[in-house]
Amino acid sequence: MMSLTRRKLLSMAAAGAAVPLGAFGQPARTRVRFSVDWVWQGNHSIWTLAADQGLFAAENLDAVLDRGYGSADNLTKLGAGSLDIALIDPNLLAKFNQENPGSQMVAVCIVYDEAKGAVISLKSAGIKSVKDLEGKKIAATESDATYLLFRALCKVNNVDINKIEIINVSPQLRDSLVIQKRADASIGFYSTAVLNIAAAGVPLADIDYLQYSKSGLPLYSLALVCKKDYAAANPAVVSGFVRATVQGAQAVLKDPKAAIASLVRRDPLLKADLELQRLELVNKSSFLTTWVRQNGMSTVDRARFENTT
């Protein structure tokens, strides 16, 4: 099977491809069905702003953007052919490809350099390191990927998980237990939990989180993923979508308020101020990391990628 790299995709696109012409001799736009990983949130404004600024159109793409229902659901839809490209946790790809040899997936662009999985707590709980979790009560959802990774986090930090009391609850209850101080911490995405706790009246300055990626488990986060055969058959489409995404990210950093405005036009029920806070939080902890500042977006450390995916 053809080996695909981001450099190869871009070089293949540069070589050009025959496409049908639309009105006035312009290339007809190629429809690309894309889904983010979950409900529309501030960090997804990369794609809404890119669409509003005509960045996909400039690549002759008709990008159909939709909310998602999780990385696993996006993988299923890519496999079934109901999506072309999707935002997916790349840490799921090795297992999926092993179990689905006839539907191989490839990550063509790492969007977020550091995963959002974290242990979230109030500063008053005194949790400064993973070792501090011994003897604590942690609200978690044992079927959730963040809990499975938590077990790995404990292992790499020589923490005895048997000394931690796990309170198994639904995702909707995890942060409530922290607010009520019935749990010392919760396990989930900091980008959701921190703002959930703040929305209940807790000052942001009183909330803390231990991000897995900064605590010994340097996982990459969400990536643009498609089927390998789709990428091989449509190199100009895939590389064009990647370029528009990168340019959209640059536009978000330049004007975050315009980015959130583009998002709210997609879902008027969103609160602009809350999503701006979420965007700033994700940019600080997962997107605009030290590595990205020094090396650029989607410049992958091969050893890190192979050791963590």
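Contact here means heavy atoms within 4.5 Å of each other. Keep in mind that the model shown in these close-ups is predicted.

**Close-up 1. Serine 191 and the residues it touches.** Serine 191 sits in helix α8, which spans residues 190-199. Leaving aside residues up to four places away in sequence, serine 191 touches Lys116, Arg278, Leu281 and Val282. Its relative accessible area is 0%, under the 20% cut-off, so serine 191 counts as buried.

**Close-up 2. Strand β8 and its two partners.** Here we look at strand β8, residues 185-189, where 4 of the 5 residues are buried, so the strand is mostly covered. Strand β5 (residues 117-122) runs antiparallel to β8, and 5 bridges join the two. In this pairing, serine 121 stands opposite alanine 185 of β8. Strand β6 (residues 137-140) pairs with β8 as well, this time in the parallel sense and over 2 bridges. Look for alanine 139, whose bridge partner in β8 is serine 186.

**Close-up 3. The two sides of helix α4.** Helix α4 covers residues 71-80, and its buried residues are Ser71, Asn74, Leu75 and Leu78. Seen down the axis of α4, these buried residues fall within an arc of 100°, so they line one face of the helix.

**Close-up 4. What α4 packs against, and what follows it.** The buried residues of α4 pack against several elements: the strands β1 (30-35), β3 (85-88), β4 (105-110) and β10 (223-227), plus helix α5 (93-99). After α4 comes glycine 81, with a positive phi near 85°.

Conventions:
Residues are numbered from 1 along each chain as its sequence is written. This is a predicted model: local features need pLDDT of at least 70, side-chain atom pairs count only at pLDDT 80 or more; totals for chains, interfaces and linings use all residues. Side-chain values use heavy atoms; hydrogens and water are left out. Buried means under 20% relative accessible area, exposed over 50%, partly exposed in between (1.4 Å probe, protein chains only). Two strands pair if DSSP finds at least two bridges between them. The arc is that of the directions from the helix axis to the C-beta atoms.
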